[in-house]
Amino acid sequence: MSENSNSSGTRKQAAKFSFRDNFDLPLLVIVITLFAVGLLMVYSASWQMARNQGYSEYDTVLRQMLIGVAGIIAMGIITFIDYHRYRRYVVLGMFVIIILLITVLIFGQGTGTSPRRGLMNGSVQPSEFAKLMIIIYLSFWLDSKKETMNQLSFGLVPLIAIVGVTAGLILAQPDVSAAATVVVLGGILFFVAGGKLHQILLVVGITAILGVLVVKLSSTASTRLLDYWNGLQNPEQASDHVKWSLEAIINGGIFGVGIGRSTTKFIGLPVASTDSIFAVIAEETGLLGAFAVLALYIAFIWRGLVIAQRAKDQLGRWLAGSITIWIALEAVINTGVLVNLLPFAGNALPFISAGGSNLVTVFAGVGLLFGVARQSKLETEPVSERSTSHAVVDLRRGDRRGSLPRPVRSTGSRE
């Protein structure tokens, strides 16, 4: 009786919600701004290539816009779904992703000379969907294993199996960067869920050994690592991708050459509208524009951790925190590769790079963030707002066995 009453009260409370209550307005502004910047830069980076191939100069950007609109609609729908309802579907969802990854290995198609990583003429890449699905699946799985998570046979071993199978299927495409991203996301979730230090170190050790094996067995991985090392020693010996990216950044200077006036995108910068789009931004808008885009991602991290901090339960914290870290990780890898801070990886720049699978997936992830924020507002007794400086620490507080120490506060202090 009381449960029905609470449900009725929740529905009445939700009916009174304004647009601002349903959507976290700061996060919405950040995401839409990044998407708008992406549309502008995708057009600038792709119009001549499209024209040279016999297409309309607006072909790529219109496709990006339509996919983005579809992603925004999906984001809006996901926002209004209580994330706890996904529990009954996560196993099926993970199974579908595994089947799609296997299907890619059998019937996969690439675009041009690229490896077979997609379906439907290479336009649908299940490896992108796998990144979000591994977050959702592991969040619910770890939530159900809170009591046994730190037991080796019930926690760490099954988790390694789940992540290993997913990453292994992606690696077989081959897509080293996506496989590594899945492994990192699995490790991050195990950490925020309260995994013990010795188990985390064990995972790091196993990952390092597997990484060495991948480099030894994969010519792609070994070439990328060698190019990265050579670039650290001397930028002139870096890969062509890095050299063209650095030239674009140098050409842009502080204020940029102007929107649409980049030259490196025409004469050598590879995949300018996807992997290298940040170099185009830096050349056309200068360091000021590049830092403004990075500031938007920093603002995204801040808002995502605030949402995680205010979540009404541990599951919401894990979902919101991990999605935030995932999107931030994609941005760090994409921008870090272009200046040789990281070995080459094909991670897209979230909300900005051209590409349907990644764009739809990150919008779906943001929809989950909005959903967590909305559910936290439906609580009759809202979660108190702590300072965002403790947001990452609080992600590990649900399970006291593996949690970090709580900061000492004075008795009379107010939050």
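Is Glu 330 buried or exposed?

## Glu 330

At 0% relative accessibility, Glu 330 is buried (under 20% relative accessible area, with exposed meaning over 50% and partly exposed in between; 1.4 Å probe, protein chains only). Glu 330 sits in helix α14, residues 314-338 (helices are DSSP runs of H or I, at least four residues, numbered from the N terminus). Leaving out residues up to four places away in sequence, Glu 330 touches Lys 131, Thr 181, Asn 347, Ala 348 and Pro 350; a contact is heavy atoms within 4.5 Å.

## What sort of model this is

This is a predicted model, where local features need pLDDT of at least 70 and side-chain atom pairs count only at pLDDT 80 or more, while totals for chains, interfaces and linings use all residues. Residues are numbered from 1 along each chain as its sequence is written, and side-chain values use heavy atoms, with hydrogens and water left out.

## The nonpolar core

The largest nonpolar core has 91 residues, and Leu 138, Phe 300, Phe 351 and Val 366 touch the most other members. Such a core is a set of buried Ala, Val, Leu, Ile, Met, Phe, Trp, Tyr and Cys residues joined through side-chain atoms within 4.5 Å. Helix α13 (residues 277-310) gives the largest share, 13 residues.

Beyond four places in sequence, the contacts of Phe 300 include Leu 27, Ile 30, Phe 351 and Val 366.

## Confidence

Mean pLDDT (the predictor's confidence in each residue, from 0 to 100) is 81 for the protein, and 82% of its residues reach 70 or more. Over residues 380-393 the pLDDT is below 50.

Key:
Helix = DSSP H or I, 4+ residues; strand = E, 2+ residues; numbered from the N terminus.
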